[in-house]
Amino acid sequence: PGKEVLMNKCFQCHGEKMWKDLKQDRRKWEGVLYRMVGRGALWTGDEINTMATYLATGFGQQGEKTATK
């Protein structure tokens with residue numbers, strides 16, 4: 001579900017390279033998402049939670065370590 005929300009919400013302004021290059025933990029991803037809300041993104045807390053979890057799991061620091069094993 002996280003990927004679908006991300007694609008629907010973030011692809012309006014960003015390409016996938018944006019989150020694949022950052023490699024952040026969940027807390028930092030959540031901060032990025034709330035910053036986007038401050039810039040006008042219309043997301044619910046549940047959507048932010050879902051996206052932050054997806055990004056940290058798939059594209060976070062741990063995801064990078066897992067992908068290289």
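Helices (H or I, at least four residues) and strands (E, at least two) are DSSP runs, numbered from the N terminus. The figures show a predicted model, in which local features need pLDDT of at least 70 and side-chain atom pairs count only at pLDDT 80 or more, while totals for chains, interfaces and linings use all residues. Residues are numbered from 1 along each chain as its sequence is written, and side-chain values use heavy atoms, with hydrogens and water left out.

**Figure 1. Overview of the protein chain.** The protein chain contains five helices and zero strands, and its elements follow the order α-α-α-α-α from the N terminus on. Of its 69 residues, 29% count as buried; here buried means under 20% relative accessible area, exposed over 50%, and partly exposed in between (1.4 Å probe, protein chains only). Contact means heavy atoms within 4.5 Å. Among contacts between residues at least 6 apart in sequence, 58% join residues at least 24 apart.

Figure 2. Helix H3 spans residues 26–38, 13 residues in total, and reaches 18 Å from its first C-alpha to its last. This is close to the 18 Å expected at 1.5 Å a residue, where the expected span is 1.5 Å times one less than the number of residues. Trp 29, Val 32, Leu 33 and Met 36 of H3 are buried. Seen down the axis of H3, these buried residues fall within an arc of 95°, so they line one face of the helix; the arc is that of the directions from the helix axis to the C-beta atoms. An α-helix has 3.6 residues a turn, so residues three or four places apart point the same way. The buried residues of H3 pack against helix H2 (17–22) and helix H4 (45–59). On the face turned away from the buried side lie the exposed residues Arg 27 and Gly 38. Just after H3, Gly 40 adopts a positive phi of about 115°.

**Figure 3. The crossing of H3 and H4.** The axes of H3 and H4 come within 8 Å and cross at roughly 135°. Axes are lines fitted to C-alpha atoms, for helices over the stretch in contact, and angles run from 0 to 180 degrees between N-to-C directions. H3 is therefore oblique to H4; angles under 35 degrees count as roughly parallel, over 145 as roughly antiparallel, 65 to 115 as roughly perpendicular and the rest as oblique. Residues of H3 that make the contact include Trp 29, Leu 33 and Val 37, and those of H4 include Ile 48, Ala 52 and Phe 59.

**Figure 4. The surroundings of Tyr 34.** Tyr 34 lies in helix H3 and is partly exposed, with a relative accessible area of 44%. Not counting residues up to four places away in sequence, Tyr 34 touches Gly 45 and Ile 48. The C-alpha atoms of Tyr 34 and Ile 48 are separated by 7.6 Å, although the two residues are 14 residues apart along the chain.

**Figure 5. Helix H1 against H4.** In helix H1 (residues 2–10), Gly 2, Leu 6 and Cys 10 are buried. They cover an arc of only 35° around the axis, which puts them on the same side of H1. H2 and H4 are among the elements that cover these buried residues. The axes of H1 and H4 come within 8 Å and cross at roughly 110°, and the two helices are therefore roughly perpendicular to each other. Among the residues in this contact are Val 5 and Lys 9 of H1 and Met 51 and Tyr 54 of H4.
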